[in-house]
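Subject: Structure handover

Hello,

Here is the structure you are taking over. Please have it open while you read the notes below it.

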Amino acid sequence: MQKVFDDCYAMDRRCYEEFGLTEDILMEHAADGMAQYIRALDGNKKEVLIVAGPGNNGADGITLARLLHSDFEVSLYMPYGAKSDMAKLQLQRLLKLGVKPVENTPLQTDIIVDALFGAGFSKPLNEKGVELIKTLNVMKAKKIACDIPTGIDPNGNPNPVAFKADITITMGSLKKALFADHSKPYIGEIEVVDLGVSRKIYEIDTSTYLLEADDFNPPLRDNPASHKGHYGHLAIICGEKSGAATLSGLAALRFGAGLVTLVGNSIQNIPYSLMQSKNLPTGTNAVAIGMGMGYDLNSDIADSIVKNDLAVLMDADICYIPSVKTLLDRCSKTVITPHPKEFAALLKTVGIADVSVEDIQRDRFGWAKRFCENFPKTVLLLKGANTIIAYNDKIYINPLGSQVLSQAGSGDVLSGLIASLMAQGYSPLDAAINGSLAHTMCARNYKGANFSAIAEDLIEELRWLIK
Ligand SMILES: NC(=O)C1=CN([C@@H]2O[C@H](COP(=O)(O)OP(=O)(O)OC[C@H]3O[C@@H](n4cnc5c(N)ncnc54)[C@H](O)[C@@H]3O)[C@@H](O)[C@H]2O)[C@@H](O)CC1
Ligand SMILES: [K+]
């Protein structure tokens, strides 16, 4: 797990005030991090275009030009001149080496470094900036963003366009804007550069974390004398479309739940390994509701869940049903897993806000936080290109998802995975984290073309998901 921050300003200040470092020292390390990356690239890439802005992001770029000069053919383009003190100082140093900024961007180059705007980006790019970014984006070159691609605002939205990087070399620590859904196509890989002290020292406390494959804690069984009763009994409420519940059930079973029962009146042709029942079976310790359910929840079942305070996973159609609020308020072990459209419906159903899907996508962290303030007992998993898992003031980001998962049925599998872990005794937060990691790791391990995975393929991949 890595720490993630809103921005680095407080940590930079601590470097100056507590560690006696200077802006100059931090900047030298920032530029050296980029220089090392460029030097390690394929040795034939010798032409480097650095586009440097007026502030300290630009100053990083000018410093990089100095570090690479004479080993590489460096073109430094500064469309807005140098305005910050550091940008002016770095430019003076460069001029003393005999390097002058170029008047126009060259038509072709091997490497482009975008150091136009970084953490200080605060208003939309003007027409000149938009045209420049569009020009850079269509050039064929290795594209490196300094700190964050130009045009990505602090909420992670392109405003109105953004540099499309192959790699973002970010300074000091990870920032939230790198993990918004809207920024994902622009960021590329991410590398963090230390700024004069190790990242362990540089970073302060945070409430936001980036999940990694190493965080995965699978439900491996270590008791050779076990029986199915040791691994929980999950009941999945079936409604209109029993296929969704069946996929969840198979995923849950494959992920280790001891027993999975589909609950409903007329469920046809279910696989032999799943049980079925008209009522909530005795012995149920976790319930999953919502997948393919339709907009009607049997009130006896809802009452029984509340009365017995069962662990409950809620998804899909439940977001539209008013009784969701009772479950969220009254049960102590709840996970809810909406995609953005369902989350918009959920916010409306529970009376928090009436907002569009686009409103949510533009500020996923903000809306997730607001939901958790209203429902402190619930773990929210907001699906997306970078899935957010939020609980109280903590946020965990799973960036490992990919387009492999953009398929009907993949959400049903995720519900089954999380509910399976809840039945096996994981806390709701651990179940959401590990279910989400398993889901994305199955997609990563899938060997077929990235358009071809169906829910059953993801379930198959669970067999080999051994840490
Ligand atoms: N201690 C530090 O301050 C460090 C800063 N570093 C670099 O400094 C960057 C931040 O520098 P700055 O705070 O100077 O900010 P930027 O260089 O990102 O932006 C400079 C200024 O441009 C203006 N601006 C914002 N959006 C604009 C737009 N769309 N069109 C025109 N002008 C716009 C703002 O007035 C802003 O302050 C980081 O991203 C990082 O690259 C690194 O060198 C590491 C240390
Ligand atoms: K940049």
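How many Å separate the centres of domain 1 and domain 2, taken over C-alpha atoms? The answer is 40 Å. Domain 1 covers residues 2-206 and domain 2 covers 214-464; such bounds come from an automatic or database domain assignment.

This is a predicted model, in which local features need pLDDT of at least 70 and side-chain atom pairs count only at pLDDT 80 or more, while totals for chains, interfaces and linings use all residues. Residues are numbered from 1 along each chain as its sequence is written, and chains are lettered from A and ligands numbered from 1 in the order in which they are written.

The two domains touch: 9 residues of domain 1 are in contact with 10 residues of domain 2. Contact here means that the C-beta atoms of two residues, placed from the backbone, lie within 7 Å. On the domain 1 side, the touching residues are 3 nonpolar, 3 polar and 3 charged. For these classes, Ala, Val, Leu, Ile, Met, Phe, Trp, Tyr, Cys and Pro count as nonpolar, Asp, Glu, Lys and Arg as charged, and the others, Gly among them, as polar.

Next, the ligand. Ligand 1 has 28 residues around it, and Gly 55, Asn 56, Asn 57, Gly 118 and Gly 120 come nearest. A residue is near a molecule if its C-beta atom, placed from the backbone, lies within 6 Å of it. The shell is made up of 12 nonpolar, 11 polar and 5 charged residues. Helices α2 (23-39) and α3 (56-68) each supply at least two residues of this shell. Helices (H or I, at least four residues) and strands (E, at least two) are DSSP runs, numbered from the N terminus.

Now the helix pairs. Two packed helices are described by the angle between their axes and the distance between the axes. Axes are lines fitted to C-alpha atoms, for helices over the stretch in contact, and angles run from 0 to 180 degrees between N-to-C directions.

α2 and α3 pack with their axes 8 Å apart at an angle of about 55 degrees, and are therefore oblique to each other. Angles under 35 degrees count as roughly parallel, over 145 as roughly antiparallel, 65 to 115 as roughly perpendicular and the rest as oblique. Residues in this contact include Met 27 and Ala 31 in α2, and Leu 64 and Leu 67 in α3. By class, the contact has 10 nonpolar, 1 polar and 3 charged residues.

α3 also packs on helix α4 (residues 85-96), where the axes come within 8 Å and cross at roughly 15 degrees. α3 and α4 are therefore roughly parallel to each other. Among the residues that make this contact are Ile 62 of α3 and Leu 91 of α4.

Helices α8 (residues 242-254) and α14 (residues 410-423) have axes that come within 7 Å and cross at roughly 45 degrees, so α8 and α14 are oblique. Their contact includes Leu 247 of α8 and Leu 417 of α14, and its residues divide into 8 nonpolar, 5 polar and 1 charged.

Two backbone details remain. Most residues other than glycine have a negative phi, and most peptide bonds are trans. Ser 70 is not a glycine, yet has a positive phi of about 85 degrees; Ser 70 sits in the loop between α3 and β3 (73-77). The peptide bond from Asn 159 to Pro 160 is cis, with omega near -10 degrees. Pro 160 is in the loop between β5 (142-146) and β6 (167-171).

Regards
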